[in-house]
Amino acid sequence: MDFTEIYKQSGNLVSFSPGAHFILNVVENTLIIRRTDTLQIARTWTITAPSSTANILSNSKSTSSNSGVSPEGWISHAGWSCDSEYLLAASAKKGIVEVFKLRDENRNARIEAGVEGLVKAEWAPDGRHILCFSQWGLRVTIWSLVTGDATYIQFPIHPDRGYAFRSDSRYFVLAERHRSKDAMGVYDTTDCYKLVRHFPVPTSNLSSLALSPTGNHVAIWEGILEYKLYILSLAGDVQGTFSPKPNPGFGVRNAAWHPTGLFLAVAGWDDKIHILDGLTWSAAATLELSSKIPVGATLWREPSNWLETTQGRGFLTLKLDERLQGPQTISLQRADPTKPNPKSGAVQLEWNKTGTLLLVRFENCPTVVHLYDFPASSDPFVPRLRCVFQHSKPVLHAQWNPVRKGSFALCSGSGSIYTWSDEWIGENGVEEDMAECIGVPANTKFETRSIKWAPDGKGLVLLDKEVFCCAFEVEEDGTES
């Protein structure tokens, strides 16, 4: 991999454009666009001060940063439209959203949230509507860049995990709360977000929802005090209910649909992952965390002190322990169930592109990543643990390559990144697994705390607290991807 220089950023707001030709990053109240091939600045915009009315409504005292800009005026949300034509930058504390056109820096639009405030702003999938969630769960406003009109939907439950768009972007599904009861609305995005269906749901305290890739079913589940998950159709009919026996005591923590929609992985706070099939909505398999690594699974260990040995400017293969005699073990932290937010359960469930692999991170073994192998549709359905990756520091972020089916990267807050791929060509010409640790060759201290893949899967953004850099694959002929 080739690494770029280090650049400033704030709020971890750095992302590739959908076409991977540009990189967006934010520095306080400034939006910066760089070319991916040279990292040179192509455009810059600065969020202007809100109107006098918005200033009166905010009525807050703040201090200025070194640049003279109050942190309350910093950009809190930024993103690309689906066609890379437009960008939005929002300051939630100031209640303003500004929209810019990439090819015309003099053309822009502005949204002021008003008295209801602003919690979150993001693009709709069509790239011509913007969703603005107000404070206190009052409403979500959908603004059209084409007509300038706004559509209002009252009482969304969660601005971060209580809504979804169908994969074809036709319908917008929103969890709502009316008269102290949970409900769900389905809205037609092609008809100005007109209400299509509205129905009560069986939950008493809806925690989150997950829409299937096929768009036929939506999974909803209760809060942390009750392990109960419901499968609904978009017409509001209950298709299935899942609650494991015996009752684990706490509720669902994560759920992730298989890319085909045939399975649903459900994880609670009890270190078990239930794989529900899409016909009976019962558990077809259960994966359980164990300190013992079963025979046949590969254990990769991070070499000790490798960063000091290479001075952060090389890469090494993780140690492969599959040939060691006897069962291998990993250490698990025992969670205290009497304390709030126990350190247990799956903090991340993520399928690869084809659904043949499931990446899992458990909170009570923070330095370990598990990789489960799922059989093809023609084989008996017996998932197995394929690989375990053990690191010296807690893993902070892991993400699958969006294009390649057998490749992911992760970071652990050190001056490096870690990659795994099953596409490595061995000496005998057969594909085999390969795990590597790659140092970030920075002249100053750099700790990789988060990563983001480019849409084409050929580059990565590496994020520290206040700076970032990019890493790009190098082709066999020596040119960068």
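The model is predicted.

The structure holds 1 cavity of 30 Å³ or more, and about 40 Å³ of space lies in the largest cavity. Its lining is formed by Leu-318, Phe-389, His-391, Phe-408, Leu-410, Tyr-418, Thr-419, Trp-420, Ala-435 and Glu-436. Two or more of these residues come from each of strand S37 (407-411), strand S38 (416-425) and strand S39 (431-439). Strand S38 gives the largest share of the lining, 3 residues. Sorted by class, the lining has 7 nonpolar, 2 polar and 1 charged residues.

Asp-422, in strand S38, and Lys-405, in the loop between strand S36 (397-400) and S37, join their side chains in a salt bridge (3.9 Å, N to O). This pair links distant parts of the chain, the two residues being 17 residues apart.

Across the whole structure, a search finds 24 salt bridges. One of them joins the side chains of Glu-85 and Arg-103, with an N to O distance of 3.3 Å. Here, too, distant parts of the chain are linked: Glu-85 lies in the loop between strand S7 (77-80) and strand S8 (86-91), while Arg-103 lies in the loop between strand S9 (96-101) and strand S10 (104-112), 18 residues apart. Arg-103 is exposed, its relative accessible area being 63%. Another salt bridge is formed by Arg-166 with Asp-168, whose closest N and O atoms are 2.5 Å apart. At 45% relative accessibility, Asp-168 counts as partly exposed.

The loop that holds Glu-85 also holds Ser-84, between S7 and S8. Although Ser-84 is not a glycine, its phi is positive, at about 65°. Ser-84 is buried, with a relative accessible area of 13%. Trp-136 likewise has a positive phi, near 65°, in a residue other than glycine. These values deserve attention because most residues other than glycine have a negative phi.

Trp-136 is placed in the loop between strand S12 (129-133) and strand S13 (139-144). With a relative accessible area of 76%, Trp-136 is exposed, because that value is over the 50% limit. Together with Leu-138 and Phe-155, Trp-136 makes a nonpolar surface patch of about 370 Å².

A cis peptide bond, with omega about -5°, joins Lys-245 and Pro-246. Pro-246 is located in the loop between strand S22 (238-242) and strand S23 (252-257).

Ser-208, in strand S19 (residues 208-211), is buried, with a relative accessible area of 8%. Ser-208 and Ala-175 are 33 residues apart along the chain, and their C-alpha atoms are separated by 8.2 Å. Gln-40 is placed in the loop between strand S5 (30-35) and strand S6 (41-46) and is exposed, at a relative accessible area of 55%. The C-alpha atoms of Gln-40 and Phe-22, which are 18 residues apart along the chain, are separated by 9.8 Å. Val-467 is found in strand S42 (residues 467-472) and is partly exposed, with a relative accessible area of 21%. Between the C-alpha atoms of Val-467 and Glu-226, 241 residues apart along the chain, the separation is 41 Å.

Conventions. Residues are numbered from 1 along each chain as its sequence is written. This is a predicted model: local features need pLDDT of at least 70, side-chain atom pairs count only at pLDDT 80 or more; totals for chains, interfaces and linings use all residues. Side-chain values use heavy atoms; hydrogens and water are left out. Patches are made of residues with over 30% relative accessible area and no salt bridge: like charges are joined within 9 Å, nonpolar side chains (Val, Leu, Ile, Met, Phe, Trp, Tyr) within 5 Å. Accessible areas come from the Shrake-Rupley method with a 1.4 Å probe; for residues, only the protein chains shown count as cover. A salt bridge is a side-chain nitrogen of Lys or Arg within 4 Å of a carboxyl oxygen of Asp or Glu. Helices (H or I, at least four residues) and strands (E, at least two) are DSSP runs, numbered from the N terminus. Buried means under 20% relative accessible area, exposed over 50%, partly exposed in between (1.4 Å probe, protein chains only). On a 1 Å grid over the protein atoms alone, a cavity is a set of points where a 1.4 Å probe fits but cannot get out, and a pocket is an open set with protein on both sides within 12 Å along at least five of seven lines; lining residues have an atom within 4 Å of a point. Grid points are joined across faces, edges and corners, and a volume is the space filled by probe spheres set on the points. Ala, Val, Leu, Ile, Met, Phe, Trp, Tyr, Cys and Pro count as nonpolar, Asp, Glu, Lys and Arg as charged, and the others, Gly among them, as polar.
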